[in-house]
Amino acid sequence: MRALHADTGYLLYRLGLRSGQLFNTFLQESGLRLRHYAVLRFLATAEGSLQRELSARLGYDPSAIVGLVDDLEKLGFAERRPAPDDRRSRIVVLTEDGRAFLRGTDEAGLRVTNELLGPLGPAERETLHALLLRVAEDGLT
């Protein structure tokens with residue numbers, strides 16, 4: 001029988017948990033969680049997104065997206081607007097306050113990454129990032 005730490009999937013799972021814990025600790029003061037942050041980061045790369053697109057791109061249940069967007073709207077970080085193509089649909093857009101919040105989290109994100117990847121040198125970090133992108137490619141499109 002293989003040792004648990006010989007299982008790459010388990011190691012990735014543990015690293016993901018640790019990353020989420022570190023980032024959620026940082027976000028705790030704002031009242032947000034990593035899932036909120038992921039929605040904001042996605043919206044920062046789009047001119048707006050339908051909630052169903054957010055669900056599909058982030059891999060979150062559609063009902064979870066509704067709650068996350070509700071939370072972000074209450075904080076003034078995102079807002080729902082009528083979709084230009086379909087008045088019945090709403091797109092979610094990042095507000096200026098949301099952009100400012102993200103700018104404020106950039107340094108914390110780097111600290112989390114540096115803590116997680118502390119044992120690796122710069123070239124190893126680049127290699128790890130490239131490999132993770134390649135492995136995750138199907139789920140990122």
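1. Let's begin with Phe 23, which is buried, at 6% relative accessibility. Phe 26 has 30% relative accessibility, so Phe 26 is partly exposed. Buried stands for under 20% relative accessible area, exposed for over 50%, and partly exposed for in between, using a 1.4 Å probe and protein chains only.

2. A word on what you are viewing: this is a predicted model, in which local features need pLDDT of at least 70 and side-chain atom pairs count only at pLDDT 80 or more, while totals for chains, interfaces and linings use all residues. Residues are numbered from 1 along each chain as its sequence is written, and side-chain values use heavy atoms, with hydrogens and water left out.

3. How many aromatic pairs does the structure hold? There are 4. Rings of Phe, Tyr and Trp (its six-membered ring) pair if their centres lie within 6.5 Å; planes under 30 degrees apart are stacked, over 60 edge-to-face, and the rest tilted. The rings of Tyr 10 and Tyr 13 have centres 6.5 Å apart and planes at 40°, so this pair is tilted. For Phe 23 and Phe 26, the ring centres are 5.9 Å apart and the planes stand at 70°, so that pair is edge-to-face.

4. Where do these partners sit? Tyr 10 and Tyr 13 both belong to helix α1 (residues 8–27), 3 residues apart, about one turn of the helix. Phe 23 and Phe 26 are also both in helix α1, again 3 residues apart. Helices (H or I, at least four residues) and strands (E, at least two) are DSSP runs, numbered from the N terminus. Ring pairs also bring in Tyr 37, giving a cluster of Phe 23, Phe 26 and Tyr 37.

5. Now for the largest nonpolar core, which has 23 residues. Such a core is a set of buried Ala, Val, Leu, Ile, Met, Phe, Trp, Tyr and Cys residues joined through side-chain atoms within 4.5 Å. Helix α2 (34–44) gives the largest share of this core, 6 residues. Leu 43 is among the residues with the most contacts inside the core. Beyond four places away in sequence, Leu 43 touches Ser 49, Leu 54, Ala 78, Val 92, Val 93 and Leu 94, where contact means heavy atoms within 4.5 Å.

6. Last, please visit Ser 89, in the loop between β2 (78–82) and β3 (90–94). Ser 89 is buried, with a relative accessible area of 12%.
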